[in-house]
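Please keep the sequence and the structure in view while I speak.

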Amino acid sequence: MTAEDQAHRDGEQPVLELRHVSTHYGLVSVLRDVNVRILRGEMVCLLGGNASGKTTTLKTILGYVKPSDGDVLLDGEIVTGLPTMQLVARGVSMVPENRRLFSNMTVAENLELGGYLRKDKDKLAADREQVLQTFPRVRERLKQKAGTLSGGEQQMVAMGRALMADPKVLLMDEPSMGLAPVLVEQVFEIIRQIRALGKTIFVVEQNANMALSIADRGYVLQTGEIVLSGDAQELLNDPLMRQAYLGEL
Amino acid sequence: MAEGTDLQPAPSPATARLGRLQRLPLRRLIQIVLAILIIGFVVLGTYKTLNLPPDERYDPSTWKAFVISGVAQGGIYALIALGYTLVYGVLRMINFAHGEVFMMGCFASFFFADAYASSGLLNRHPFYALAIIFAIAMLTSCLIAMLLERVAYRPLRNSPRLVPLITAIGASLFLQNTAFGLFGPQTQAYPVPDVLGGDRTWTILGITMQRIQVVVIVTAVVAVIGLTLFISRTRTGRSIRAVAEDREIASLMGIDVDRTIMITFALGGLLAGVAGVQFGLTFGQVSPYIGFTPGIAAFTASVLGGIGSIGGAALGGLLLGLLQAVGPPLLFTGFNIPAPFQLQDVITFSVLVLVLIFRPGGILGSGEAEKV
Ligand SMILES: Nc1ncnc2c1ncn2[C@@H]1O[C@H](COP(=O)(O)OP(=O)(O)O)[C@@H](O)[C@H]1O
Ligand SMILES: [Mg+2]
């Protein structure tokens, strides 16, 4: 953790925090001493190349894998290794890598599954309406099988589905992956819109330029270790960063 | 099924292309020859049967009876087949102990039916007695299916696919031998209320049917419709479909995957229980071995319709029931075979093998359509 990071909104309790988290798959160490703090209303990105451990970080947060060391905290409470459904119940949602919609179900059913655990029917209906207002294209496709949508539309449904849970913190795993450049722009525009709704967002990306251009802060992951962190603007101007990740050799 | 045949390492793209060039025509050729042989046999058998001297021929009303009994038998198969298909849908596993789940339901209801028969309740209040008998069978099969899931399959959830399969066969033998030990090996008479007695008929829409057949067909239709509505309309049904499609993402929605899988087994058990009573009433008997043949037949039916598909299981059951009832007299009597109806199981296995050769996805399944 760098000094300025420590100072950042000092004393405030993070919505989501990783404390000295290490994760192994069997004997293979994938994450080593990862520390991340995400404050309310912030948009934070985790940058890293292929196989650097980005997805594993999210899976550790959601309890798909248990860390071998360290803790995950949600609103200051230790939630390390709880079953996924309990983390979801406590307000963590994710837009998974490659969207992973239920492609045999309709778009409407996908959205409803996003709000599966919710009991507050009125608020749920309002949130659904908000999602459909944010993504008018999704409204037009409600009765269609999700598998028949285009990649960009699927990404909107995946985000809508995650928003239906009214999450405390929204995780996104490489939302730009596998999309044409035009669509990548669109997706980041959508993320900006979601941010405008006041959501706390933790997005994992390889596309460092794009991610930093809309995030407040960023962390850089390299073979399972955080090697850099700081304000998005600083990272964009960091010489090491420019050299290693922003394609300036 | 298609995935499970993948025993060889994937060849490199270049050899794969070459291999396909060489292999495809040969496989096609075998399929075509096989198809011609089968069609030839079916045409010949049918021709010979229909051209028997009049005194050896079946009359039209007998054919009608064959068809109706085929539909009724198909209803029983469909209900068992739904259990295979549901479990396959969520776990991609064939629950080979499902035939025994069915047998146990039949047995449990037998004890009640037997007691009601000797106390006279069965004939005094056949409707209430039958309602209780159905409930007991459904409850028993449901509990055994849930127990199987919890004890035998859940601990193996993340093992290689072969492991739960072997366990399923073990569980099947376990249940069969348990019934053998507790209830004895002998075949016992399953009591049938007089109102449903063998020669009593109802005429519906101009078709005269044995009353038992009417009961079987009606309960089967109600059960299939009920299940379809449950799966497509309810929140739990939706969670079952979600788990079937993507377990990891289902849990990301907050769905309790373990609970959902258990509910799926429970549903399969309920339907197997219904089938158990239908079987008892239709054949008037029960023994520890009754699970085997209907189990294999229903498994065949689910593969025929497209395993993983609910509509497919119902359709496959119906088709297989019809094939078994109409096939032997139509195809074999012309050849003067002494006991054509003993060849029912030959038909079952032929259908299974042929589906796997010609259309491994089944009738309704190209793989994806309407997976549970
Ligand atoms: N289930 C798994 N079992 C073993 N190793 C895994 C598993 N998932 C990922 N890994 C390994 O962990 C490393 C990090 O993977 P991942 O977190 O998916 O990276 P990223 O999302 O940054 O591309 C990779 O080397 C990958 O091969
Ligand atoms: Mg990844």
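Predicted model: local features only at pLDDT ≥ 70, side-chain atom pairs only at ≥ 80, totals over all residues.

I shall take the ligand site, the domains and the contact between the chains in turn.

Let me begin with the ligand. Which residues surround ligand 1? They are A:Tyr25, A:Val30, A:Gly49, A:Asn50, A:Ala51, A:Ser52, A:Gly53, A:Lys54, A:Thr55 and A:Thr56. Helix α2 of chain A, which covers residues 54–61, contributes the most to the shell, namely three residues.

Several polar pairs may be pointed out here. From the backbone, a polar atom of A:Ser52 lies 3.2 Å from an oxygen atom of ligand 1. For A:Gly53, the distance from a backbone N or O atom to an oxygen atom of the ligand is 3.0 Å. A:Thr55 takes part through its side chain, where a polar atom is 2.7 Å from an oxygen atom of ligand 1. Of the 570 Å² that ligand 1 exposes when taken alone, the protein buries 57%.

I turn now to the domains of chain A. The assignment places residues 14–91 together with 167–249 in domain 1, and residues 99–166 in domain 2. Taken over C-alpha atoms, the centres of domain 1 and domain 2 of chain A are 23 Å apart. In the contact between them, domain 1 of chain A is represented by 19 residues and domain 2 of chain A by 14 residues.

How much area do domain 1 and domain 2 of chain A bury between them? The figure is about 1,300 Å², with 73% of it on carbon and sulfur atoms.

Finally, I come to the two chains. The size of an interface is often given as the accessible area lost when the parts come together. Chain A and chain B bury about 2,100 Å² between them, and 53% of that area is on carbon and sulfur atoms. The contact involves 21 residues of chain A and 19 residues of chain B. Within chain A, the residues that lose the most area to chain B are A:Arg100, A:Phe102 and A:Tyr116, which together account for 32% of what that side buries.

Technical notes
Residues numbered from 1 in each chain as written. Chains lettered and ligands numbered in written order. Heavy atoms only, no water. Near = heavy atom within 4 Å. Polar contact = N/O pair within 3.5 Å; in protein donor to acceptor, adjacent residues only side chain to side chain. Areas by Shrake-Rupley, 256 points an atom, 1.4 Å probe, with all protein chains shown as cover. Helix = DSSP H or I, 4+ residues; strand = E, 2+ residues; numbered from the N terminus. Domains from an automatic or database assignment. Contact = heavy atoms within 4.5 Å. Buried area = accessible area lost by both parts, 1.4 Å probe.
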